[in-house]
Amino acid sequence: MNREDFPMLKQDIIYFDNGATTFKPKCVIDAMSEYYSNYCANAHRGDYEISYKVDLAYESARKKVADFINASRDEIVFTSGATESLNMIANGFFAPILEPGDEVLITLSEHASNVLPWFKLAKTNGIIVNYIELDSNLHVSMANLKKAITPHTRVISLAGLTNVVGDIRPLKEICEFAHSNNIFVVVDGAQSVAHTKTDVKAMDCDFLAFSAHKMCGPTGVGVLYGKSELLESIVPTNLGGGMNESFDSIEEVYLKDIPTRLEAGTPNIAGVIGLGAAVDYLSNIGMNEIELCLIKLKKYLVEKLVTIPHIKIINEECESGIVAFNVDGIFAQDVAYYLNKYHICVRAGNHCAKMLKNAIGVKNTVRISLYFYNTEKEIDKLVELLQDKNKILNEMI
Amino acid sequence: MDANEKRKVILENYSHPYNMGIAETDGYIKTNSNNVSCIDNIDLYVKIENDIIKDVRFTGEACAVAISSTSIMLKEIIGKSIDDVLAYTSQFKNMVDDEPYDSNILNNANVFDSVVRTGNRKVCAYLPYNALLEAIDIYKGVDLKEKKG
């Protein structure tokens with residue numbers, strides 16, 4: 001649906017790599033272009049008209065994002081993306097409070113950005129990174145989560161929706177259980193925020209990280225959400241312009257309140273404005289509508305793929321727009337190159353979830369990640385091309 | 001050779017790669033080449049005596065282009081001197097980088113001349129050459145030490 005809104009879809013391509021990044025609707029591109037063309041000034045000045053307009057647009061985007069995930073305005077920090085947000089959470093909030101022997105729980109299907117910041121703390125702070133065992137369909141069950149918790153567990157850090165398996169985590173239940181055991185919950189929302197309605201208050205997570213570009217917004221901008229009292233405690237890793245109130249000497253440095261304190265330097269103004277436009281756009285369609293559309297498209301795709309004997313789907317059961325599979329005897333990358341000849345864009349590889357191979361026994365997969373502008377007709381074309389294994393073998397070079 | 005024939009040679013070398021697998025590694029220099037973005041991963045075992053490539057074998061998991069390129073490289077270099085192999089390798093590099101090159105030297109490796117223009121395939125085609133050059137460096141290093149001794 002809404003295909004006419006996306007300039008990229010005017011090209012003769014079928015885009016199934018939405019888990020990597022989504023296309024941008026014209027309204028997002030226009031909002032950014034409008035900033036650069038008509039009121040290009042810095043933020044946080046406000047001494048002249050166009051600069052004042054920038055402040056309004058920038059802070060209005062913050063309000064839009066806050067409303068989109070049911071947070072307060074001062075709980076939204078703009079970052080360069082989910083990766084930076086997760087690093088700020090690990091380094092700015094947890095590094096000062098975790099002690100050697102404290103445990104952080106993740107899983108083998110986490111994206112690198114929700115693994116490596118914790119690995120770093122294991123090296124520098126002596127924390128222990130442990131794994132919640134995945135069940136047979138690669139999902140996280142409450143039973144396995146409870147089994148993994150020890151008296152030393154301080155943090156559970158999970159993707160809301162994983163980028164290869166596409167499973168949706170029971171975050172509300174996880175937060176409730178974690179908090180009753182004094183454990184913090186960090187949510188990597190890079191995939192989930194784009195795919196389903198996010199309500200941080202109902203979920204009650206402590207932190208949430210996500211990127212604009214995976215939800216119809218521009219690249220280079222993302223969000224760090226944290227409960228106000230927790231954001232207060234984040235030690236700024238970047239210091240400089242925009243985030244200080246005043247300074248006279250080493251001893252006399254006064255910083256601004258959150259969230260501005262955590263946004264040093266000139267921010268990605270056009271990006272933030274673009275994100276605000278993306279949030280408006282998605283809200284107009286409706287996140288529930290988007291989720292239903294993705295589940296329907298995924299179901300349609302899986303029903304067709306399971307009839308092809310040489311295709312093995314890794315994640316048949318998940319209720320999201322992600323399908324990871326392999327063609328028997330053909331390297332995933334060769335399948336991707338074959339499909340590329342027919343202008344079909346898919347991703348092959350480990351998709352930055354490099355430990356997942358230990359859980360599924362497969363290093364490489366072809367990943368189809370759908371978004372609401374994909375169609376059943378596009379899926380038919382893909383399935384038709386995958387039907388004949390000899391055709392793939394003959395044409396993959 | 002037309003595009004179809006080139007594809008046939010590539011696929012034949014992928015389906016039946018030359019010297020894949022190794023039973024006895026004694027006397028071989030082992031090097032690895034991998035492409036982290038797509039999990040191409042090849043171990044090369046190179047036996048060099050008196051500056052001659054006596055034997056090369058390989059193991060690993062990789063895409064059709066990387067496997068096929070390794071197979072063809074092995075057929076081209078076994079029995080040749082290090083100098084000849086370095087000359088051949090530099091011409092292959094020029095081909096993948098779209099620089100002028102001498103196609104006469106490349107022989108069967110010319111089959112990759114159009115494949116390397118698509119997407120990231122040049123990285124796949126060049127994958128075994130990284131491992132080969134490293135093995136030659138190691139051989140030269142050992143040789144230097146012996147000379148010093």
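I counted the secondary structure: chain A has 15 helices and 15 strands. Both are DSSP runs numbered from the N terminus (helices H or I, at least four residues; strands E, at least two).

I noted the ground rules. This is a predicted model, where local features need pLDDT of at least 70, side-chain atom pairs count only at pLDDT 80 or more, and totals for chains, interfaces and linings use all residues. Residues are numbered from 1 along each chain as its sequence is written, chains are lettered from A and ligands numbered from 1 in the order written, and side-chain values use heavy atoms without hydrogens or water.

I looked up the overall form. The C-alpha trace of chain A spans about 75 × 55 × 35 Å along its principal axes. Of the 397 residues, 57% are buried (under 20% relative accessible area, 1.4 Å probe, protein chains only).

I traced a sheet. In chain A, seven strands form an open sheet with mixed pairing, in the order 2-8-7-6-5-3-4. Pairing takes at least two DSSP bridges between two strands.

Strand 3 (residues 103-106) and strand 4 of chain A pair in the parallel sense over four bridges. Val104(A) has Val129(A) in strand 4 as its bridge partner.

I then followed helix 2 (residues 49-68) of chain A. Helix 2 lies across strand 2, strand 7 (207-211) and strand 8 (222-226) of chain A. Its angle to strand 2 of chain A is about 115° (axes fitted to C-alpha atoms, for helices over the stretch in contact; angles from 0 to 180 degrees between N-to-C directions; contact means heavy atoms within 4.5 Å).

Technical notes
Buried < 20%, exposed > 50% of the residue type's maximum accessible area, 1.4 Å probe, protein only.
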